[in-house]
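Let's take a friendly walk through this model, one piece at a time. Have the sequence and the 3D view side by side as you read.

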Amino acid sequence: MKTVKVSLNSIDKVKTFVNDINRFDFDFDLVSGRYVIDAKSIMGIFSLDLSKPIDLNIHAEGDNLQEALSVLHSYILD
């Protein structure tokens with residue numbers, strides 16, 4: 001598992017983010033404070049405070065993890 005910070009500060013960004021991660025068979029969780037939601041759930045994402053960065057847990061390793069990171073690079077904060 002790897003954790004990165006992501007920014008999902010617009011409706012369009014959330015839509016494309018959900019479409020991008022739904023291509024993968026493994027799990028993604030978004031963590032905001034004490035809330036953990038399935039990152040593949042657009043309704044779940046909109047229940048979070050999107051004004052600040054959110055932790056994304058990627059439940060993958062090796063090549064799968066590298067592919068996910070390359071697809072999600074535009075959302076990841078350095």
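Asp29 stands opposite Asn57, a residue of β4. Keep in mind that this is a predicted model. The two strands around this spot are β2, covering residues 28-32, and β4, covering residues 54-58. They pair in the antiparallel sense, over 4 bridges.

Now zoom out to the sheet. How many strands does the open sheet have, and in what order? There are 4 strands, ordered β1-β4-β2-β3, and their pairing is antiparallel. At the edges you will find β1 (2-6) and β3 (35-38), each pairing on one side only. From one strand to the next, the twist averages 30°.

Back in β2, have a look at Ser32, which belongs to that strand. Is Ser32 buried or exposed? Its relative accessible area is 15%, so Ser32 counts as buried, the cut-off being under 20%. Leaving out residues up to four places away in sequence, Ser32 touches Leu48 and Ile54.

For a contrasting view, turn to helix α2, which spans residues 42-46. Ile42 lies in this helix. With a relative accessible area of 31%, Ile42 is partly exposed, because that class sits between the 20% limit for buried and the 50% limit for exposed. Helix α2 supplies the largest share of the patch, with 3 residues.

Terms used. Residues numbered from 1 in each chain as written. Predicted model: local features only at pLDDT ≥ 70, side-chain atom pairs only at ≥ 80, totals over all residues. Heavy atoms only, no water. Buried < 20%, exposed > 50% of the residue type's maximum accessible area, 1.4 Å probe, protein only. Contact = heavy atoms within 4.5 Å. Pairing = 2+ DSSP bridges. Axes fitted to C-alpha atoms, helices over the stretch in contact; angles between N-to-C directions.
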